[in-house]
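This report considers a single protein chain, moving from individual residues to the chain as a whole. Please read it alongside the sequence and the coordinates.

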Amino acid sequence: MSRIGRLPVALPKGVEISVSGRTVKVKGPKGELSRTFHELVEVAREDGSVVVKRRDDSPPARALHGLTRTLLANMVHGVTEGYQKDLEISGTGYRAQLQGSKLQLALGYSHPIEIVPPTGISFACETPQRIRVSGIDKEVVGEVAAKIRRLRVPDPYKAKGVKYAGEVIRRKAGKAGKVGAKGAA
């Protein structure tokens, strides 16, 4: 049995969960999330917690057991505390600023890049070099942060670009000078 899948998901105060067939809706103080799970796993509510069970012992059902439990736990965490990803911008002239709810980035291109946040996502700029992406759905927060990072991936020579906060960019040495004469044999 899956070590992760067999653990129950505790429901904190203020979180309501409704299971109808394969669709699970989680409602909390920060919002509401809904997800339809695979037919090989069953989600059931048991006194103050949610339990995930698999229908049989087939390899696909075993693979989905722990995944379903983790996705459910992420939904509960999202509606209670939310998720956030921090990004750092480094490079001369590279900066970010908010215009209403839109994020405007200057990343060395001939034009500024505007990003409209998807539903449930909000941006915050602590400084022109730090961006915070936050929301209740872990997958969407990570996807939006990855799209922003992909606009200017940090290069390994000067480490200019957009990176995750705390990400270490391995620097490469530049070109080495000439060692010997061209025609020497």
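L33 counts as buried because its relative accessibility is 11%, under the 20% cut-off. The model in which this value was computed is a predicted one. L33 belongs to strand β4, which covers residues 31-36. Leaving aside residues up to four places away in sequence, L33 is in contact with V24, K25, V26, M75, V79, I136 and D137. One of these partners, D137, is 104 residues away from L33 along the chain, yet the two C-alpha atoms are separated by 7.5 Å.

R149 is part of helix α2, residues 138-151. With residues up to four places away in sequence again excluded, R149 touches P154, V162, K163, Y164 and E167.

The two residues are set side by side below.

| Residue | Element | Relative accessible area |
|---|---|---|
| L33 | β4 (residues 31-36) | 11% |

Helix α2 can be checked for its length. The 14 residues of α2, at 1.5 Å a residue, should span 20 Å, and the 21 Å between its end C-alpha atoms agrees with this.

Which residues of α2 are buried? They are V141, V144, A145, I148 and R149. Viewed down the axis of α2, these buried residues fall within an arc of 140°, and therefore they line one face of the helix.

Along the principal axes, the C-alpha atoms fill a box of roughly 80 × 50 × 20 Å.

Of the 185 residues, 34% count as buried. The accessible surface of the chain is about 11600 Å², and carbon and sulfur atoms account for 51% of that area. Among contacts between residues at least 6 apart in sequence, 50% join residues at least 24 apart.

Notes
Residues are numbered from 1 along each chain as its sequence is written. This is a predicted model: local features need pLDDT of at least 70, side-chain atom pairs count only at pLDDT 80 or more; totals for chains, interfaces and linings use all residues. Side-chain values use heavy atoms; hydrogens and water are left out. Helices (H or I, at least four residues) and strands (E, at least two) are DSSP runs, numbered from the N terminus. Buried means under 20% relative accessible area, exposed over 50%, partly exposed in between (1.4 Å probe, protein chains only). Contact means heavy atoms within 4.5 Å. The expected span of a helix is 1.5 Å times one less than its number of residues. The arc is that of the directions from the helix axis to the C-beta atoms. Accessible areas come from the Shrake-Rupley method with a 1.4 Å probe; for residues, only the protein chains shown count as cover.
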